[in-house]
Amino acid sequence: MRDRDFSGKSNSKNFAERNSNSREFRNSLNSNFRASQNENPFKAEERLQAFLAHAGIASRRACEKIILDGRVTVNGETVTALGTKVGRGDRVCVDGEIIAASEEKRYVLLNKPQGYVCSMSDEKGRPTAADLIRRKYSERLYNVGRLDMYSAGLIIFTNDGDFARTISHPSAQIEKEYVVDTSLPIPRGLCEDFVHGVRIDNVFYKALSARELNSHRMAVVLTEGKNREIRRIFEAAEIGIRRLTRVRIGNLNINEMDIGEMRELYEYEVRELLALAKHKEL
């Protein structure tokens, strides 16, 4: 992972210039972010789905489904009403496991190796990206978005459900950049086709940008990211992929991170990522 021609540094600069926000907007967002970080998110009483999201179980919407599915108990009683409120004295469990409110929000960037599944556990017993995170962090952190088992690169883990929901929402349009290494030369016109849009099995795939780095390497930027989108494009062109690596998520670049390495995001990085997502929602 030392190929410097796809570090994303120059692209990051251009990206920042294209998506620069007004000073007034940034100042407003930064003030709101600092205020939300300083206040205790666990009030005397709050809605059950918000409690679970703040505790890092999943996004708020996913927590609502967990409640409706009857997987949550409060003080020993199964609760399926979304309006239920809980406080610090209540004993909340999900699938029988006691859930403790997490006071400190964490945002961890992982350079996922190939061969790891993006799920909290795997019924087939395959290694998960969460296993790597658990070696360093004791609190429950879950992945924001996914990378397939055979892809490598950046993925974010957090216990902040609101953050996860904001940056993963389709309207956020967060750019994700990938580098594709192929087994055969890239066909002429494939980049242009991908940017204009390609329909495969009644599914329309379209990249924000795509460019050849050399005859066997392409850089692709997506904002939506349908399931196995890049792989399906190359399969349709009958070109095998040797390696697929996500090298950028919004303002976050892979830079010098080794495979399997993880680091916590700086406050300004979280702030900028939220700014990108919220600006697209305006």
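**Entry 1: contacts and the whole chain**

I began with contacts, meaning heavy atoms within 4.5 Å, and found that among those in the protein chain with a separation of 6 or more, 66% are between residues 24 or more positions apart. I note that this is a predicted model, in which local features need pLDDT of at least 70 and side-chain atom pairs count only at pLDDT 80 or more, while totals for chains, interfaces and linings use all residues. Residues are numbered from 1 along each chain as its sequence is written, and side-chain values use heavy atoms, with hydrogens and water left out.

I then looked up the secondary structure, where helices (H or I, at least four residues) and strands (E, at least two) are DSSP runs numbered from the N terminus, and I wrote down nine helices and 17 strands. Of the 282 residues in the protein chain, 47% are buried, where buried means under 20% relative accessible area, exposed over 50% and partly exposed in between, with a 1.4 Å probe and protein chains only.

**Entry 2: the nonpolar cores**

Next I looked for nonpolar cores, each a set of buried Ala, Val, Leu, Ile, Met, Phe, Trp, Tyr and Cys residues joined through side-chain atoms within 4.5 Å. The largest has 32 residues, and Phe 157, Val 220 and Ile 230 have the most contacts inside it. Among the elements that each supply at least two residues of this core are β7 (107–112), β9 (152–158) and α8 (229–236), but α5 gives the most, with four residues. Apart from this core lies another, of 23 residues, which includes Phe 163 and Met 257.

I also checked Phe 157 itself, and, leaving aside its neighbours within four places in sequence, I found it in contact with residues including Tyr 107, Leu 110, Ile 133 and Tyr 142.

Why is β9 largely enclosed by the rest of the structure? I found that seven of its seven residues are buried, so the strand is largely enclosed.

For pairing, I used the rule that two strands pair if DSSP finds at least two bridges between them. β7 and β9 run antiparallel and are joined by six bridges, with Tyr 107 standing opposite Thr 158 in β9. Strand β8 (residues 142–144) also runs antiparallel to β9, through three bridges, and Val 144 has Ile 156 as its bridge partner. Strand β15 (residues 241–249) runs parallel to β9, with two bridges between them, and there Ala 152 is partnered with Thr 245.

**Entry 3: salt bridges**

I searched the whole structure for salt bridges, each a side-chain nitrogen of Lys or Arg within 4 Å of a carboxyl oxygen of Asp or Glu, and the search finds 18.

Asp 95 and Arg 71 meet in one of them at 2.7 Å, N to O; Asp 95 lies in the loop between β5 and β6 and Arg 71 in the loop between α4 and β2, so the pair ties together parts that are 24 residues apart in sequence. Asp 95 is exposed, at 52% relative accessible area, whereas Arg 71 is partly exposed, at 34%.

Asp 181 forms a salt bridge with Arg 243, with the closest N and O atoms 3.2 Å apart. Asp 181 is in strand β10 and Arg 243 in strand β15, so this pair ties together parts that are 62 residues apart in sequence. Asp 181 is buried, at 4%, while Arg 243 is partly exposed, at 24%.
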